[in-house]
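Hello,

Here is the structure I promised to pass on to you. Have a look at it first, and my notes follow below.

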Amino acid sequence: MRNIDLSPLYRSFIGFDHLASMIDTASRNEKQSSYPPYNIELLAEDKYRITMAVAGFAKDEVSIEVQENTLQVIGTKGSKDDERKFLHKGISERSFERKFQLGDHVKVLGADLENGLLHVDLERLVPEAKKPRKIEIGSTLLENN
């Protein structure tokens with residue numbers, strides 16, 4: 001694995017101390033298995049959808065959790081193959097765990113499981129205090145923090 005020197009960024013970006021930990025987390029996520037396959041769509045400027053192919057999973061076998069800035073999708077499949085005899089088994093029904101790092105202010109709006117596809121809708125909701133504002137030269141800002 002290559003090491004990346006981020007020190008030139010710190011000269012220009014103030015307050016991005018957590019950047020190195022985010023890159024480290026992203027590099028750890030590369031080690032995730034490729035199952036189940038998924039898409040990430042941009043629906044609008046601040047709206048996203050993750051679609052995962054979870055054929056064979058029922059709603060009660062899939063759980064979705066958000067903790068801090070991590071979205072975790074877990075599929076738990078029990079072994080019921082004792083009573084079934086396959087001549088060919090091409091549909092994988094194994095348990096999985098997939099994690100996604102969410103950006104600041106990205107919230108999960110909801111999820112739906114339909115036709116073997118799990119859809120998770122997300123939106124970036126930037127608080128009014130975090131949005132850019134114009135500062136007039138010669139003015140004084142008085143805010144209670």
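In the hairpin of S3 and S4, two residues lie between the strands, and Glu 68 takes a positive phi near 55°. Please keep in mind that this is a predicted model. S3 covers residues 62–67 and runs antiparallel to S4, with six bridges joining the two strands. Across this pairing, Ile 64 stands opposite Val 73 in S4.

S4 itself spans residues 70–75 and includes Gln 72. Is Gln 72 buried or exposed? Gln 72 counts as buried because its relative accessible area is 17%, under the 20% cut-off. Its side chain makes a polar contact of 2.7 Å with the side chain of Glu 97. Leaving aside residues up to four places away in sequence, Gln 72 touches Ser 63, Ile 64 and Glu 65, as well as Glu 97, Arg 98 and Lys 99.

Now to the nonpolar side of things. The largest nonpolar core has 16 residues, and among those with the most contacts inside it are Leu 71, Val 73 and Phe 96. Two or more residues each come from S2 (47–53), S4, S5 (96–101), S6 (106–114) and S7 (117–124). Which strand gives the most to this core? That is S7, with three residues.

Best wishes

Note on methods:
Residues are numbered from 1 along each chain as its sequence is written. This is a predicted model: local features need pLDDT of at least 70, side-chain atom pairs count only at pLDDT 80 or more; totals for chains, interfaces and linings use all residues. Side-chain values use heavy atoms; hydrogens and water are left out. Helices (H or I, at least four residues) and strands (E, at least two) are DSSP runs, numbered from the N terminus. Buried means under 20% relative accessible area, exposed over 50%, partly exposed in between (1.4 Å probe, protein chains only). A polar contact is a pair of N or O atoms within 3.5 Å; within protein, one must be able to donate a hydrogen and the other to accept it, and residues adjacent in sequence count only if both atoms are side-chain atoms. Contact means heavy atoms within 4.5 Å. A nonpolar core is a set of buried Ala, Val, Leu, Ile, Met, Phe, Trp, Tyr and Cys residues joined through side-chain atoms within 4.5 Å. Two strands pair if DSSP finds at least two bridges between them.
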